[in-house]
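Hi everyone, thanks for making time.

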Amino acid sequence: MRFREDVTRFLETAPRPAGLHDYGPTPSHGDVRAGRDWQATLAEHGYACLHWPAEHGGPDASVADQAAFAEECARAGVPRQLSMVGPDLVGPVLMRFGTPAQQQRHLARIRDGRDLWCQLFSEPGAGSDLAAVATRAVERPDGSWQVRGQKVWTSAADSADLGILLARSGGPGPGGLSAFVVPMRSPGVTVRPLRQMDGESKFNEVFLDDVVLGADQVIGTPGAGWAVAKATLGRERLSLGANAVGMFESIVELETAAAAHGRLDDALRDQIVEAWIRVWLMRVTWERAIEEGTDPSGSTFSVLKLLTSETYRDIADLGIAALGPAALEEEQPLVKRMLVGHAQTILGGTSEIQRTILAERILGLPRAPR
Amino acid sequence: MRFREDVTRFLETAPRPAGLHDYGPTPSHGDVRAGRDWQATLAEHGYACLHWPAEHGGPDASVADQAAFAEECARAGVPRQLSMVGPDLVGPVLMRFGTPAQQQRHLARIRDGRDLWCQLFSEPGAGSDLAAVATRAVERPDGSWQVRGQKVWTSAADSADLGILLARSGGPGPGGLSAFVVPMRSPGVTVRPLRQMDGESKFNEVFLDDVVLGADQVIGTPGAGWAVAKATLGRERLSLGANAVGMFESIVELETAAAAHGRLDDALRDQIVEAWIRVWLMRVTWERAIEEGTDPSGSTFSVLKLLTSETYRDIADLGIAALGPAALEEEQPLVKRMLVGHAQTILGGTSEIQRTILAERILGLPRAPR
Amino acid sequence: MTDTLERAALRDVTRSVLADLATEQQVREHMDGDGFDRALWAAMAQVGLLGLAVPEELGGSGAGWTEQSVVHEELGRTLACVPFLATATLAAAALSASTDEARSRWLPGLAAGTTIVTVAAPAAGSGSWYDPPSGVSAESSGPAWRLAGRLRYVLDAAVADLFLVTADAGGTVGLFAVERADVASVEPVATSDRTRRVGHVVLHDSPAVMVGGPEAVLAAHGVGVTMLAAEQTGGAAACLERSVDHVRTRVQFGRPIGSFQAVQHHCANMLLRVESARSAARRAAQELDDPPGPDADPGVVSRLIAGSVCTEAYLACASTNVQLHGGTGFTWEHSAQLHVKRSRGSAVLLGQPAEHRRALRASGKVLVGL
Amino acid sequence: MTDTLERAALRDVTRSVLADLATEQQVREHMDGDGFDRALWAAMAQVGLLGLAVPEELGGSGAGWTEQSVVHEELGRTLACVPFLATATLAAAALSASTDEARSRWLPGLAAGTTIVTVAAPAAGSGSWYDPPSGVSAESSGPAWRLAGRLRYVLDAAVADLFLVTADAGGTVGLFAVERADVASVEPVATSDRTRRVGHVVLHDSPAVMVGGPEAVLAAHGVGVTMLAAEQTGGAAACLERSVDHVRTRVQFGRPIGSFQAVQHHCANMLLRVESARSAARRAAQELDDPPGPDADPGVVSRLIAGSVCTEAYLACASTNVQLHGGTGFTWEHSAQLHVKRSRGSAVLLGQPAEHRRALRASGKVLVGL
């Protein structure tokens, strides 16, 4: 409780960089400057990289405190960090797999916002099936690596300083993969924005044309790529609870819009109650998960990703009924949200893959042939 | 139209055996006598085995006429035949695979109700997966067969004169199966009723303990069992439309019960409209299927089985809300129907199998590994 | 059977015109323009597709709504940018129920493709067809009328030559025709679905001719809902086809994703939706041409069920199509987004599914018979 | 943490008692008898499970509703035949909100297992807890009261020693206690769920003691809904466990059916239901012990959400459990049917999901905060 009060006070009094808003897990191009400044402020006050252990400059906060922080940031309308990739994915990976030199080189710069990272995992032919990554990394006589391939669905690639790359350095299958650190301004790196169905471009394609990486840019050892990739999965789970805050607000907006457009009838009211119950369940399930312990791979945490993405999608889809004919308009925020809702059950693992994971990993059902 | 008028007139004037009622596709023990007499009356007036060709004593009726007949019987509250198995499954199988002697021996007796047939396909270890049938048929030196195994989910086994049996005469897999005619009163045949969750016993287990069958009781040739089994699939499709009549009535009963128990509120009314729309869609889809042509393996017919079983189940499940606390009572017809509803999406092919069939056979998707 | 053949021929003609002029690339060009493909419109006029619902003596072919629905279904597949729903369906239906003078004055031009006519929702202020008429007033000076009001979300307003407008003529509601030149202004709306445009129309002391009463608008709405249902069926079918094509070839985990049961069952569910939608849409169109009863609005049941079921089928299939395409389906470049937007727009254009069902309940024809 | 450990110990005690005395075979024996397992009841009293909600000074342990919910969850798994819901929960809650005299007179016997107490729904005629109070009248002669009326669907009526009854005492509604000996008659009802019995109770000039007002009944209902939610969660979890056990071992098409994605996703959906139900049930129980606010009914939100969500979770899981067991799950001998019947009975016992949600909307607390 004390921690939460401290956080609230900090969020009330901390200087906010101009233009800072809650842009979600990853900043858009225009959000990066404010996001970096905000990350520096967080670092200064001990709120950066909450889950990092003290030896790497983190406060080693409990899961409950991490959750409380994420939630209070959502309430205050600010991001909880510059971007998810550096603090949540790359940091823990470097601590576990990286060399001391890599830790030395990168961790502090992640913590204080000097480096923005992006994730170079998915490919056109390797979406749900990461083990099928085809980007090639060929070792050169001098021990450096030459990388060639195409990545996709990379958010913030246009602003990032560094990327964490999954590439094939050996034979087929998971064992042939390695992970690398890629300076995004290296020669041969080309970033092309992907236009989404809502007209925005949160994601990019990244082309790697004979990019040369030093031997010390392999994370851990060659061949450890699959272990690195698996270690990053589920890292976003601790922030899922904070999503409930945003979804709660989106239901309020939905109800307000429906009333304004004369569409708030009994049927829609019932659907709003249903939606609110689902958000309430997400929230309470998340609190239970935190109470029960810290293992984000457990059953309670595992269901949250699915509850969250499907609830988001379904709430977003209600926007059409709430607007009536006004739903014909492109610029209606609820129309945009409905479109974005279509990505929720795909990106970060399709709902189909998530259900299979629940069945096989949580319930212990026999593996489906793949 | 003329045919339908003739049917209506016939159904109004035909003498009804005492106790005859619309018992569904298969008679219970107590229905057999009336069912046999009714089948004889149908045969006498040219309404038995409507789809059979003239050479086998049938009227070779069009699909539309078959459908109209099934529907008018449902409206009149009488079964359209003694049982589905003889006329719809065994008849066509014998015409296609049987020897002239077998046709001679059995077809007329199916048509006029002298023989009641049952189906001996499913086993405890071969439900959805018929190719896994394990009942063994071993050929003896004199060309006769000795059969040993257990069948399950056999309706009317306790009343039937004859059964159509699927047994393994060769190696594993579909190629090792043969089909036989089994006189149900043969030594070694034991029938044990299966009690269902609603307390009724519509189905039986059938134990075959060294039952001896003559060489002339193999249908077609040994090894043709899989082809025979496949030929029987989907034969019930032409009568699916008649189900809409019964379901329509069950929605009316539901509404009446809800009103009587003071539970007919707006929410339930909406659900009743939804249920009625689904029945209306079944009905109209079925009429479209008939209009479009006669291939019961086509897309339109194929969706009907799923539409029918899932609509039945969902309408049945509404009974609880319609009754309120009266749903605690075992003897409420709507409670019984809710229980029976649970079998609809299992027997005759689970909904999961049906969806896979739609995907692979109708949509041409690649086969899932099995 | 002849009818069926003629409809097949009509479908072929329509497909061939659309295959030439409404490829996805061509559609996208018009999306970036004013959303009206004049060349396609001329071609459709040329082969007689615009006058199917116009009597022969007025330049059409008097074919009927079943034929018209074939064209709508094909347009729904391709999302071709033409004001067919507004002009050939809504306006043709409204004019057909109007004065002889109005019919002979405008239907020939409509059939020839030279006059684009649109119909505003009676509730001008909201643009909803289910809200009570309001928002436009008519004042007479002799036989001449002057209209004032703001009409929101009028289909194809920017390209229409003639507007059919419901207005309050001192206590009674009438249908009026307003020429383009007499409209004060048209404000185009930036639509989410760029393949179908709407605009707000301002009338101010605008000369108008009274052409009919509220029954003409009701007739137009009934026909419009039915034809839109056919269009939605076409859209849903297109989504299913695109999904099937994709999952047969997209490989993940070493095999086509169409061999995964989860994907197969998504496709099977789409098929159930499409077949049900097709049944409802066809039946509703048939009942426009061949009313099933003598009462005031004999086709009300099939029309409202079609409006509800086809809307929901298209919404669901458009979303599943995105899901099955994964991230790619979420991009601007992929056709999946076009169907998401069209399906959402169509869901509010002439009434939402819940509104159709409420009207169905109010019709008193639910559970009256099967 | 100590609380958590204590609850784990309580769960172990409960499980161990139930493992000894409430195996499925034992439950089935009592189903065929009068539905009351007296040995189990005595054992539960012995280890103190009947007095968890009774203060220490009255012979209980004053542990609280969170502890009580642990016992309910275990009873829900096993379907043990004891009047725990009626006596230890509904009656204990009603008496706790009654006069001091009533508390000290009956709570000790209740906690000791020697007095079985039940509570009738205020709407005696329908047996529904959401219908307005009616059906029983009370007349006074001095401090003594005499009751008349017919109470339908009273929990455990056949074995109760004391009935708590809502009656109209000349304009005001009061709660009265009626001894078994003073009841005119009890008519047992043949229940679909034979593990939990109800009966109709006839009062005729029956002597009664006034023990409280309508608030005592409201309190009992609130507690009852919450504890029933825990029981339903236990039932749903048991269905999931049985399904998982089955699909891991049942082989069809050459592999365990649990490796088929359709089966896996059914199980995953059950898990989503169970985890959501558990979250809601736990939170609702916690808020009975530790009210989240100062207003009149602080726990109303969690209680009504739990009542709705846990009911639907159990209904769905019980049905899916049958589906995954195939035909076997439809038999009388299989445990799946017991959960189908219990889930349906529980869905109407203290209010249906739609009634809980309607009350939630009426509470004015929807969307008030998160």
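**A quick tour, starting with chain C**

Chain C has 370 residues, and 62% of them count as buried. Before I go further, keep in mind that this is a predicted model.

What is chain C built from? Eleven helices, along with nine strands. Its radius of gyration comes out at 21 Å, close to the 21 Å that the globule rule gives for 370 residues, so chain C is as compact as a globular protein of that length.

Now the contacts inside chain C. Take the ones with a separation of 6 or more: 73% of those are between residues 24 or more positions apart.

Okay, over to where chain C meets chain A. On the chain A side, 33 residues are in contact, and they touch 31 residues of chain C. Which elements of chain A supply at least two residues each to that side? They're β3 (145-155), α9 (299-323) and α10 (333-344). And α10 of chain A gives the most, with five residues. Sorted by class, the side of chain A that touches chain C has 17 nonpolar residues, nine polar and seven charged.

One last stop, still on chain A. An unreviewed UniProt entry places the feature "domain: Acyl-CoA dehydrogenase/oxidase N-terminal" at residues 3-113. In the model, that stretch of chain A is 57% helix and 0% strand, and its end C-alpha atoms sit 23 Å apart.

Notes. Residues numbered from 1 in each chain as written. Chains lettered and ligands numbered in written order. Predicted model: local features only at pLDDT ≥ 70, side-chain atom pairs only at ≥ 80, totals over all residues. UniProt positions renumbered as here; feature names shortened; annotations may be inferred. Helix = DSSP H or I, 4+ residues; strand = E, 2+ residues; numbered from the N terminus. Contact = placed C-beta atoms within 7 Å. Nonpolar A, V, L, I, M, F, W, Y, C, P; charged D, E, K, R; others polar. Rg over C-alpha atoms; globule rule 2.2 N^0.38 Å. Buried ≥ 20, exposed ≤ 12 C-beta atoms within 10 Å, placed from the backbone.
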